[in-house]
Amino acid sequence: MPNKILIVDDQKGVRRLLEELFKKEGWSVYIAADGLEAISMVKEAIPDIVLMDMKMPNMNGLESSAVILKEFPDMIIIMMTAYGEMDVVKKALEVGVKRCITKPFDILSMRDLVNELVLEKVS
Ligand SMILES: [Mg+2]
């Protein structure tokens, strides 16, 4: 069963919230605070799924996802965007991001979406 999740967000509060949620659900949780860290963490941990914030310093979520998907085309990435960023959403889906979810999101919907996408891949 898939059990490794990478959480990427420059906001500590968001990282902590998602980390607690997924740890409680039995996932091994990996953390990155920007797009560059996300790339090295993906190579190191090879997660089953990545929750990727869009707006971050150093490298944003779109650029980071593009780099990750070039090397790992099957990587499941969920991007967390701000309300109204339709152009970003479009570009994200074009580079291979599976879903975009608007912040602020309901954490239980996020949990359900993660489970849905990883199970889809397994089956
Ligand atoms: Mg951010």
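Residues are numbered from 1 along each chain as its sequence is written. Because the model is predicted, local features need pLDDT of at least 70 and side-chain atom pairs count only at pLDDT 80 or more, while totals for chains, interfaces and linings use all residues.

User: How many residues of strand S4 are buried?
Analyst: Helices (H or I, at least four residues) and strands (E, at least two) are DSSP runs numbered from the N terminus, and S4 covers residues 76–82. A residue is buried if 20 or more other C-beta atoms, placed from the backbone, lie within 10 Å of its own, exposed if 12 or fewer, and partly exposed in between. On that count S4 is mostly covered, the number of buried residues among its seven being six.

User: In which sense do S4 and strand S5 pair?
Analyst: Two strands pair if DSSP finds at least two bridges between them. Five bridges link S4 to S5 (residues 99–103), and Met79 stands opposite Cys100 in S5. The sense of the pairing is parallel.

User: Which residue of S4 is the bridge partner of Ile49?
Analyst: Strand S3 (residues 49–53) runs parallel to S4 and is joined to S4 by five bridges. In S4, the partner of Ile49 is Ile76.

User: What is the handedness of the β-α-β unit made by S3, helix H3 and S4?
Analyst: A crossover is right-handed if, with the strands pointing away from the viewer, the path from the first strand over the helix to the second runs clockwise. The unit in question passes through H3 (residues 61–71). Its handedness is right-handed.

User: At what angle do the axes of H3 and H4 cross?
Analyst: Axes are lines fitted to C-alpha atoms, for helices over the stretch in contact, with angles from 0 to 180 degrees between N-to-C directions. The axes of H3 and H4 come within 9 Å, and their crossing makes H3 roughly parallel to H4, a class for angles under 35 degrees. The angle is roughly 10°.

User: Where is the residue Ile46, and is Ile46 buried or exposed?
Analyst: Ile46 has a positive phi, near 45°, although a residue other than glycine. The loop that holds Ile46 lies between helix H2 (35–45) and S3. With 12 other C-beta atoms within 10 Å, Ile46 is exposed.

User: What is the omega of the peptide bond from Lys103 to Pro104?
Analyst: Pro104 lies in the loop between S5 and helix H5 (107–122). The bond from Lys103 to Pro104 is cis, with omega near -5°.

Key. Parallel < 35°, antiparallel > 145°, perpendicular 65-115°, else oblique.
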